[in-house]
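I keep these entries as I go through the model. Each one notes what I looked up and what came back.

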Amino acid sequence: MKRILGAVLLGIVLLSGCGDIGEQNDSSGRLPGADVNPVPRDRIVNGGTLRWPLPEFPSQWNFHHLNGTKGAVDHVIQGVLPYLMRADEKSVPHPVPEYLESATLKRTKGGQSVTYRLNPRARWSDGRPIGYADFVAQARALSGRDRRYEVSTDSGYRLIKHIEQGPRENDVKVTFTQTYADWRSLFSPLYPAVAYSTPRAFNTGWMNALLVTAGPFKVQRIDRTDKTVTLARDPSWWGPPAKLDRIVYRAMDTSAMPGAFANHEIDLMDIGLDASAMRRVQGVPGTDIRRAGGPDWRHFTFNAASPVLSDVRVRRAVMLGIDREVIARSDLSGLGVPVQTLGNHFYVNTQNGYQDNSAVLGGYDPAQAGRLLDEAGWRQHGKYRAKAGRTLALRFVVPSGVPISAREAELARALLERIGVRVDIQPVPADDALDAHVTKGDFDIVPFSWLGTSFPVSPMRAVYARPHAGRVQQNYSRTGTAAIDAAMDRAIAETDPAKVHDLVNGTDRLIWRQASVLPLYQRPQLVAARADLANMGACGFLEPDYQDIGFTSR
């Protein structure tokens, strides 16, 4: 379930994807691209309920809203909203035939156009056909031109010049102002025009509700008291009927998931990086541990708008004072997966184009960190450094109930204390971590995992582009440069894969020097599932067909 456009605070993940863990799946020791127990539809039982836990209970169900780009939201809406393209386990996107018959790219003078031929049977739950009006409304809302729309990213949409109705009612032609390699990332998910017709509809219309759907499932109930969302098979779905009768999502602390799984209260769970959870669920009869190389990556974001971290010398010193290998070994201990730090802000280690650009800042060098702090005026006074009577102290915000975040904070505190930096750990409710703290800049350091996608550049533009007029989108570090913006735009406009890799890595080197986001490691996906659950598990880059998820036995 990999589409970012965003992040998952895995507690914090900002998304997580869909044998014995100590063993490797092939002779090379690499994790597979996906591990979902693939089973043909005709071998899956008709009926049944999938009980699926979520690490938080979303209130904003508009995935393109600043506060809606979350893994928990994506898990739900993939079953009820249109995704025109869906990636396979090799991260190659393909048209979803229930929505899109074809998409034809054509180069134009100075740009490009894409003609979408939609499935004429595709309809919203209110009876309207999916088509031109929906494309226009979504492109306008996400273009970034109207600042009243609180969008998570305008990547790609800001390059759309105009949209036309094609010769057939279900043809839509989108013309771009320039070439755009990641055009396949757009309009997935697609929302109905009514949802994006006004800023108010966009910002608040989908709070606590999924008003209109168009998928193999429909929303049966959202219960904020029990923190559950129930999807039921939609008889109006024009594609192959969903195998499951329903999916029941239930929000719970990640620390409670192993017990719920052991008690057969849920049917799958993201083990994350919790070795104790792994040990507990491995012993549950009828359990399958599914694992894949994840597209997501763990990191620390630094708030460059905070008084102390606004100085790039301090940010670089903090990076040099954090031993990433120590944190990676701690996080991945007991999981039977390779320990390797990540040296890139766009590509994960196993992805085409990956290059380690971390250079000096990726290493552990407390001596150099101390010299940088001295240069910035923070002198050692006893245990900690101080300047103008102020102690050098940083607030490390962590979501409560997430052991990995707590351990990372403790390690960071111990490491940074060695260079005279005091770290104050502040646990906050997991449901509020993103909305009440991260997006508002109420932190100095925060740990979470960015979601990986088949499109490593354009979705991440919102993470590294300079904030304008107070709008940070997903740039939670709240800093940037014109050079980084221009470098990302050049990469986004390039269509030659080899040249894209060169441009992206050049951009990545600029971001390393900015010292605002510290990559830690590529996050493996480890999922415990009922052994008879088919077509779901550790998905990697794979985006599953929800209509084909089900069980092979009663």
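I started at Pro 189, which lies in the loop between β9 (171-176) and α3. Helices here are DSSP runs of H or I with at least four residues, strands are runs of E with at least two, and both are numbered from the N terminus. Ser 188 and Pro 189 are joined by a cis peptide bond, with omega about 0 degrees.

Ground rules next. The model is predicted, so I note that local features need pLDDT of at least 70 and side-chain atom pairs pLDDT 80 or more, while totals for chains, interfaces and linings use all residues. Residues are numbered from 1 along each chain as its sequence is written, and side-chain values use heavy atoms, with hydrogens and water left out.

Entry: His 264 has a phi of about 60 degrees. I found His 264 in the loop between α4 (257-262) and β13 (268-270). His 264 is partly exposed, at 47% relative accessible area. My cut-offs are under 20% for buried, over 50% for exposed and partly exposed in between, with a 1.4 Å probe and protein chains only. Ala 359 has a positive phi too, about 50 degrees. Ala 359 lies in the loop between α7 and α8, and at 66% relative accessibility counts as exposed.

**Entry: domains.** I took the bounds from an automatic or database domain assignment. Domain 1 covers 82-202 and domain 2 covers 295-524. Their centres, taken over C-alpha atoms, are 32 Å apart. I then looked up the contacts, meaning heavy atoms within 4.5 Å. Domain 1 puts 20 residues in contact with 16 residues of domain 2.

**Entry: cores.** I define a nonpolar core as buried Ala, Val, Leu, Ile, Met, Phe, Trp, Tyr and Cys residues joined through side-chain atoms within 4.5 Å. The largest has 104 residues, and Ile 77, Tyr 116, Phe 135, Phe 187 and Tyr 464 have the most contacts inside it. Both domain 1 and domain 2 give residues to this core, so it lies between them. Another core, of 56 residues, lies apart from it and includes Met 257, Val 308, Trp 378 and Leu 394. I also listed the contacts of Ile 77, leaving aside neighbours within four places in sequence: Trp 61, Phe 63, Tyr 83, Pro 189, Tyr 191 and Leu 210.

**Entry: aromatic pairs.** I pair rings of Phe, Tyr and Trp (its six-membered ring) if their centres lie within 6.5 Å; planes under 30 degrees apart are stacked, over 60 edge-to-face, the rest tilted. By this rule I count 19 aromatic pairs. Trp 52 and Tyr 249 make a tilted one, at 5.2 Å centre to centre and 40 degrees between the planes. That pair links strand β3 (residues 49-54) to strand β12 (residues 246-251), with Trp 52 and Tyr 249 197 residues apart. Trp 52 is buried at 5% relative accessible area, and Tyr 249 is buried at 0%. Phe 346 and Tyr 464 have ring centres 5.4 Å apart and planes at 65 degrees, so I log them as edge-to-face. Phe 346 is in the loop between α7 (324-332) and α8 (366-375), and Tyr 464 is in helix α11 (residues 461-464), 118 residues away. Both Phe 346 and Tyr 464 are buried. One aromatic cluster consists of Tyr 149, Tyr 191, Tyr 196, Phe 202 and Trp 206.

**Entry: around α6.** Which residues of helix α6 (residues 312-320) are buried? I noted Val 314, Arg 315, Ala 317, Val 318, Met 319 and Leu 320. At the start of α6, a side-chain oxygen of Asp 311 comes within 2.9 Å of the backbone nitrogen of Arg 313. Leu 309 sits in the loop between β15 (297-302) and α6. At 0% relative accessibility, Leu 309 counts as buried. Leu 309 and Asp 444 are 135 residues apart in sequence, yet 7.4 Å apart C-alpha to C-alpha.

**Entry: Asn 46.** Asn 46 is in the loop between β2 (13-14) and β3. Buried or exposed, by relative accessibility? Asn 46 counts as exposed, at 53%. Beyond its neighbours within four places in sequence, Asn 46 is in contact with Lys 243 and Arg 554.

Methods: A polar contact is a pair of N or O atoms within 3.5 Å; within protein, one must be able to donate a hydrogen and the other to accept it, and residues adjacent in sequence count only if both atoms are side-chain atoms.
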